Amino acid sequence: MPAVALAVTDGMLHYELSVAVEVFGADLTHIVDPWYDFSLCGSGPVHVGRFRLEPDHGLDHLAHADTVIVPGWADTDRDPPAELVEAVRAAHAAGARVASLCTGAFVLGAAGLLDGRRATTHWAHTGELARRHPAATVDPDVLYVDNGDVLTSAGKAAAMDLCLHLVRLDHGSANANKIARRLVIPPHRDGGQAQFIATPLPAPGNHRLRELFPWALERLDQPLTVEDLARQARMSSRHLGRHFKHLTGTTPLQWLHTQRIRHAQELLETTDATVDTIAAATGMGTATTLRRHFHRSVGVPPDAYRRTFRP
């Protein structure tokens with residue numbers, strides 16, 4: 001039977017850890033027999049939140065597993081333990097498939113396993129992961145990334161998406177669907193984590209654009225141009241672009257587009273307005289245009305988004 005080892009150490013996130021235990025550590029031989037040979041691997045007793053775990057083996061046992069799961073790492077500002085990083089690196093070198101859940105990607109990054117590969121993590125930490133590991137291609141929009149021998153998931157619930165994906169690879173779609181039904185979750189979710197990303201405005205401050213942002217947000221239904229924004233800010237378009245890049249990390253037009261999409265999300269979540277009405281209210285013009293841009297930005301069409309987020 002395939003051996004799955006869960007790497008555990010102080011500082012892990014208990015939700016992601018429990019997801020892996022629920023999928024790979026439960027006795028599911030009534031669905032697939034044999035199931036997985038599952039073990040917890042750590043250097044000693046581990047505290048995860050309010051829980052205390054007793055590992056079955058030391059971290060060196062990771063090298064004997066077919067698949068190694070690395071749960072979320074709680075403090076991304078702190079380097080993960082060197083012994084954990086080395087054990088994960090050794091397991092991969094020995095031929096193990098290595099998968100991280102949520103911010104466990106920082107452990108894989110420290111082990112050098114993300115270099116030259118696509119990866120993801122919780123959307124709130126993708127920027128830091130990309131900054132710390134520039135040789136990786138970090139995708140902030142997807143639920144998980146499969147490179148074959150190295151896999152990474154986005155945040156929280158996306159850990160379950162990746163775990164089910166691993167089951168699907170090992171035991172087929174039919175059995176993965178049975179596991180999903182047992183867990184009362186969809187076997188596959190549409191779209192990526194782009195639909196969950198918040199797009200806050202820059203923090204208030206004494207900067208040149210502090211009055212421009214609210215002015216523009218009140219006029220998202222209008223066909224604003226860079227020249228309109230520059231005129232309102234009383235500066236040249238070029239100067240405006242530099243200020244926007246500094247404060248938002250993007251261009252004026254891309255910022256406007258993002259705010260239009262976010263406003264459409266709010267209207268889909270909180271009103272019964274038709275897609276045509278929302279298209280007009282967000283400056284998209286027609287329902288067709290809104291659907292095209294919304295799907296491209298969020299990963300799902302407006303109607304599907306509304307079904308997900310509207311009570």
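Residues are numbered from 1 along each chain as its sequence is written, and side-chain values use heavy atoms, with hydrogens and water left out. In this predicted model, local features need pLDDT of at least 70 and side-chain atom pairs count only at pLDDT 80 or more, while totals for chains, interfaces and linings use all residues.

**Aromatic pairs**

A search of the whole structure finds six aromatic pairs. Rings of Phe, Tyr and Trp (its six-membered ring) pair if their centres lie within 6.5 Å; planes under 30 degrees apart count as stacked, over 60 as edge-to-face and the rest as tilted. Two of the pairs are tabulated here.

| Pair | Centre to centre | Angle between planes | Class |
|---|---|---|---|
| Phe244 and Trp255 | 5.6 Å | 65° | edge-to-face |
| Phe294 and Tyr305 | 5.5 Å | 75° | edge-to-face |

Phe244 sits in helix H9 (residues 237-248) and Trp255 in helix H10 (residues 252-270), 11 residues apart, so the pair links distant parts of the chain. Helices (H or I, at least four residues) and strands (E, at least two) are DSSP runs, numbered from the N terminus. Phe244 and Trp255 are both buried, where buried means under 20% relative accessible area, exposed over 50% and partly exposed in between (1.4 Å probe, protein chains only).

Phe294 belongs to helix H12 (residues 287-298) and Tyr305 to helix H13 (residues 302-309), so this pair ties together parts 11 residues apart in sequence. Phe294 and Tyr305 are buried. Elsewhere, ring pairs link Phe24, Trp35 and Tyr36 into a cluster.

**The open sheet**

Six strands form an open sheet in the order E2-E1-E5-E6-E10-E9, with mixed pairing. Two strands pair if DSSP finds at least two bridges between them. Strands E2 (37-41) and E9 (144-146) stand at the edges; each has a single partner strand, so one side of each lacks a neighbour in the sheet. On average, neighbouring strands are turned by 15° against each other, direction ignored.

Strands E1 (residues 3-7) and E5 (residues 67-70) run parallel and are joined by three bridges. Ala5 has Val68 in E5 as its bridge partner. Helix H1 (residues 14-25) packs on the sheet and touches E1, E2 and E5; its direction makes about 155° with that of E2. Axes are lines fitted to C-alpha atoms, for helices over the stretch in contact, and angles run from 0 to 180 degrees between N-to-C directions. Contact means heavy atoms within 4.5 Å.

**Thr76**

Thr76 lies in the loop between E5 and helix H2 (82-93). Thr76 is buried, at a relative accessible area of 7%. Not counting residues up to four places away in sequence, Thr76 touches Thr103, Phe106, His125 and Arg132.
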